[in-house]
Amino acid sequence: MATATAKSLTVYGEHGRDDVSHQSANQFGVVQFPEKGPGIDRVGTRDTYAHPVTGQSGQWGDNWMDPQAAAALYNAVQEYQSANPAHANDVPLKYNDIAAYDPTINLGHSSHGSAKAVDFLYMDRNGQPTTSIYSADLTRQNEFTGILRQHGFNHNFSNNGAVQGTSHWPGHINHEHAGQRIQQ
Ligand SMILES: [Zn+2]
């Protein structure tokens, strides 16, 4: 379970009262989404770019997220896992890009600039990650996307909108995108 304020994220792990991690947002208002579990792992290469303040080169990562969106994603993944015993042996969901240390740095998707959007691989009917919508298990995708929507991710894309609760946007044959629409 995770909770958040506008400026911090607290994650309660599976191992009791000592298993609590707290992260304050950086100067751009974002925290790093956990690299690993439960139920979700980071996958793919890490984006590198100059540090937005110091100018230093190095790895500044692509898993920075608005704290409240991060808590929502974390809780959605756990809810998906516990909602259906059929998912007990699923491989953790594989997520890739969220946003940069300074989310206005575009890592190749302008729609991630709010730091409230995440890309993840599709799941196949064995609960394994797949990089093709054509081998995705739409039952799993629909179920997970429905839970994401309940957690505020209502701006979602898949190829041809094949997943319920998403619409079509080019470039989503190999992954689904879930985002929280920026409030106007
Ligand atoms: Zn995306």
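**Exercise 1.** Work out which residues of strand 2 sit on its covered face and which on its uncovered one.

*Solution.* Start with the span: strand 2 covers residues 8-12. Strands here are DSSP runs of E with at least two residues, and helices are runs of H or I with at least four, both numbered from the N terminus. Now sort the side chains: Leu 9 and Val 11 make up the covered face, while Ser 8, Thr 10 and Tyr 12 are on the uncovered one. Keep in mind that this is a predicted model, where local features need pLDDT of at least 70 and side-chain atom pairs count only at pLDDT 80 or more, though totals for chains, interfaces and linings use all residues. Residues are numbered from 1 along each chain as its sequence is written.

**Exercise 2.** Find the pairing partners of strand 2.

*Solution.* Two strands pair if DSSP finds at least two bridges between them. Take strand 1 (residues 2-5): four bridges join it to strand 2, and the two run antiparallel. Thr 3 faces Thr 10 across this pair, and two residues sit between the strands of the hairpin. Next comes strand 3 (residues 20-24), which is antiparallel to strand 2 over five bridges. There, Leu 9 stands opposite Gln 23.

**Exercise 3.** Compare the radius of gyration of the protein chain with that of a compact globule.

*Solution.* The radius is taken over C-alpha atoms, and the globule rule is 2.2 Å times the number of residues to the power 0.38. For 184 residues the rule gives a value near 16 Å; the chain has 16 Å, so the two agree. As for its make-up, the chain has two helices and 13 strands.

Technical notes
Buried ≥ 20, exposed ≤ 12 C-beta atoms within 10 Å, placed from the backbone.
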